[in-house]
Amino acid sequence: MKKNSKNSYRFCQRCGYPTNDKNYIPGTLKNNENSEKYCSRCLEKGEFRHPEMNRQEMLIMIIDISLNNSWWVGKVMKILFPKQIKKMEYWKDDNTPLNKNFSREEASSNREKYFDYYKFYEGDDC
Ligand SMILES: [Zn+2]
C-alpha cells in the first residue's frame with residue numbers, strides 16, 4: 001500500500017483518463033475504497049469492465065471516441081495514445097499489436113462489442 005493519499009497517477013492506468021480532470025471519478029476496490037490507479041469507468045468494486053478487452057481494442061475505443069468529438073483531438077490522440085498505453089500498468093503484459101490506423105469496420109464492430117463502455121466516455125467533452 002502506498003502511504004501518500006494524493007493520487008500519484010496522472011492517468012487511469014487502463015483507459016488513460018486524466019486524474020486531474022474535473023469529471024474524473026476514481027474507481028472502487030472490492031472493499032469500496034477508492035482505487036489509485038483506475039477510474040470509475042474501468043473499475044467498479046474491484047471488477048474491471050470487460051476484462052476480455054485487449055489493448056488494441058482499448059486504443060480503438062479511445063481514438064474513435066476522440067475522433068467523434070473532434071478531428072483535432074482525434075489527431076492528437078492518434079499520436080499520444082499508442083505511446084501512453086504502452087506505459088499503463090494494466091496493459092503491461094498485453095502484447096497485442098497496436099494499430100492506430102484501424103478501419104471503419106473495426107471501429108464499428110468494437111463499438112458494438114463494448115457499447116456500454118463507450119457510453120461512459122461520450123458526451124463528455126469539456
Ligand atoms: Zn479508466
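Before counting anything, I settled what counts: helices are DSSP runs of H or I with at least four residues, and strands are runs of E with at least two. I also noted that this is a predicted model.

**Entry 1, the fold.** I counted 4 helices and 4 strands in the protein. How do they follow one another along the sequence? I read off β-β-β-β-α-α-α-α.

I checked the radius of gyration next. A compact globule of 126 residues would come out near 14 Å, and the protein has 14 Å, so the two agree. Along the principal axes, I found that the C-alpha trace spans about 45 × 30 × 25 Å.

Then I took the contacts with a separation of 6 or more: 55% of them are between residues 24 or more positions apart.

I picked helix α2, residues 71-85, and checked its length. Its 15 residues should span 21 Å at 1.5 Å a residue, and the end C-alpha atoms are 20 Å apart, which agrees. Where does α2 kink? I located a kink of about 35 degrees at Lys78, shortly before the proline Pro82.

Which residues of α2 are buried? I listed Met77, Phe81 and Ile85. An α-helix has 3.6 residues a turn, so residues three or four places apart point the same way. Last, I looked for what covers the buried residues of α2, and α1 (55-69) is included there.

Definitions and conventions. Residues are numbered from 1 along each chain as its sequence is written. This is a predicted model: local features need pLDDT of at least 70, side-chain atom pairs count only at pLDDT 80 or more; totals for chains, interfaces and linings use all residues. The radius of gyration is taken over C-alpha atoms; the globule rule is 2.2 Å times the number of residues to the power 0.38. Two residues are in contact if their C-beta atoms, placed from the backbone, lie within 7 Å. The expected span of a helix is 1.5 Å times one less than its number of residues. The bend at a residue is the angle between axes fitted to the seven residues ending there and the seven starting there. A residue is buried if 20 or more other C-beta atoms lie within 10 Å of its own, exposed if 12 or fewer, and partly exposed in between; C-beta atoms are placed from the backbone.
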